[in-house]
Amino acid sequence: MQERSEFRLLLVYLKRYFDLFVMFERVDTGDDHRINVDEFVQALPLLKEWGVEVHDPDATFETIDADGGGEVLFIEFADWSVSECFTLIDSLSVIH
């Protein structure tokens with residue numbers, strides 16, 4: 001029955017990926033598939049709701065922007081959110 005447990009694990013990962021993508025889209029108010037520093041700062045209340053309190057938005061944004069391009073791409077956001085262990089991932093409140 002290893003195939004069944006592997007399939008379940010695949011579904012868990014797909015749901016987590018989808019949740020992260022929805023979170024990213026909520027922060028990306030410009031709908032350009034990038035988060036700029038202004039969008040990030042505006043999303044601080046959402047991030048707090050999701051279990052991540054940001055004390056220095058500029059420094060945190062620079063940390064997330066791994067390639068230094070001045071904007072956060074989805075992969076950078078996903079890497080950061082996983083490292084921050086967003087509590088929202090397990091609740092469906094991300095989808096409004």
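Phe 74 counts as buried because its relative accessibility is 14%; buried means under 20% relative accessible area, exposed over 50%, and partly exposed in between, with a 1.4 Å probe and protein chains only. This is a predicted model, in which local features need pLDDT of at least 70 and side-chain atom pairs count only at pLDDT 80 or more, while totals for chains, interfaces and linings use all residues. Residues are numbered from 1 along each chain as its sequence is written, and side-chain values use heavy atoms, leaving out hydrogens and water.

The ring of Phe 74 pairs with that of Phe 21: the centres are 5.5 Å apart and the planes at 70 degrees, so this pair is edge-to-face. For the rule, rings of Phe, Tyr and Trp (its six-membered ring) pair if their centres lie within 6.5 Å; planes under 30 degrees apart are stacked, over 60 edge-to-face, and the rest tilted. Phe 21 sits in helix H1 and Phe 74 in helix H5, 53 residues apart. Phe 21 itself counts as partly exposed, because its relative accessibility is 32%. Helices here are DSSP runs (H or I, at least four residues), numbered from the N terminus.

How many aromatic pairs does the count come to? It comes to seven. Another of them joins Tyr 17 and Phe 74, edge-to-face, at 5.3 Å centre to centre and 80 degrees between the planes. Ring pairs link a cluster that includes Tyr 17, Phe 21, Phe 74 and Trp 80.

Finally, H5. Its buried residues include Phe 74, Phe 77 and Trp 80.

Technical notes
Helices (H or I, at least four residues) and strands (E, at least two) are DSSP runs, numbered from the N terminus.
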